[in-house]
Amino acid sequence: MKGTHIGELEELILLTVGSLFDEAYGVAVMDEVRNKAGRDMNISAIHAVLRRLEEKGLLKSRMGGSTNERGGRRKRLFTLTKEGKLALDNSIALRQSLYERIPNITYNFSI
């Protein structure tokens, strides 16, 4: 594995791939990031992050079947690896532990 540190965008892409489960390919990830996170990204940026995460060993990919609607081209489907899930678990645990350290009296907002 190349490295386990993940940035905010890598975490978002890992979470998206995990939530899409067996249907995570470039365009589906891009659409989900746009719809759920409100981030408009081009497909080249999505593919770059997917490749980087695969190089780190946090994702694995396989080629899906060809379809007529894609002109016979196949989709590269991505799934989380055990290491990818562990990286997400660690990231979420760190965020949660830092969040829990914020004193209740520090920010007394009324909504």
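**Entry 1: the core.** I looked for the largest nonpolar core and found 23 residues in it; Ile13, Val17, Val29 and Leu53 touch the most other members. Next I asked which elements supply at least two residues each. My list reads α1 (8–20), α2 (26–37), α3 (43–55), β2 (74–80) and α4 (82–100). The biggest giver is α1, with 5 residues. I keep in mind that this is a predicted model.

**Entry 2: one residue up close.** I picked Val17 and asked what it touches, leaving out residues up to four places away in sequence. I noted Ala24, Val29, Leu50, Leu59, Phe78, Thr79 and Leu80. One of these partners, Val29, is also among the core residues that touch the most other members.

**Entry 3: the elements.** I counted 4 helices and 2 strands in the protein. Reading from the N terminus, I wrote down the order α-α-α-β-β-α.

**Entry 4: contacts along the chain.** I looked at contacts with a separation of 6 or more, and 53% of them join residues 24 or more positions apart.

**Entry 5: overall shape.** How does the radius of gyration compare with that of a compact globule of 111 residues? The globule would be near 13 Å, while the protein has 17 Å. I also noted the span of the C-alpha trace along its principal axes, about 60 × 35 × 20 Å.

**Entry 6: surface and charges.** I found that 31% of the 111 residues count as buried. The accessible surface is about 7700 Å², and carbon and sulfur atoms hold 52% of it. Last, I checked the 18 positive and 14 negative charges: their mean positions lie 4 Å apart.

Notes. Residues are numbered from 1 along each chain as its sequence is written. This is a predicted model: local features need pLDDT of at least 70, side-chain atom pairs count only at pLDDT 80 or more; totals for chains, interfaces and linings use all residues. Side-chain values use heavy atoms; hydrogens and water are left out. The radius of gyration is taken over C-alpha atoms; the globule rule is 2.2 Å times the number of residues to the power 0.38. Buried means under 20% relative accessible area, exposed over 50%, partly exposed in between (1.4 Å probe, protein chains only). Contact means heavy atoms within 4.5 Å. Accessible areas come from the Shrake-Rupley method with a 1.4 Å probe; for residues, only the protein chains shown count as cover. Lys and Arg count as positive and Asp and Glu as negative; His and the chain ends are not counted. The place of a charge is taken as NZ of Lys, CZ of Arg, CG of Asp or CD of Glu. A nonpolar core is a set of buried Ala, Val, Leu, Ile, Met, Phe, Trp, Tyr and Cys residues joined through side-chain atoms within 4.5 Å.
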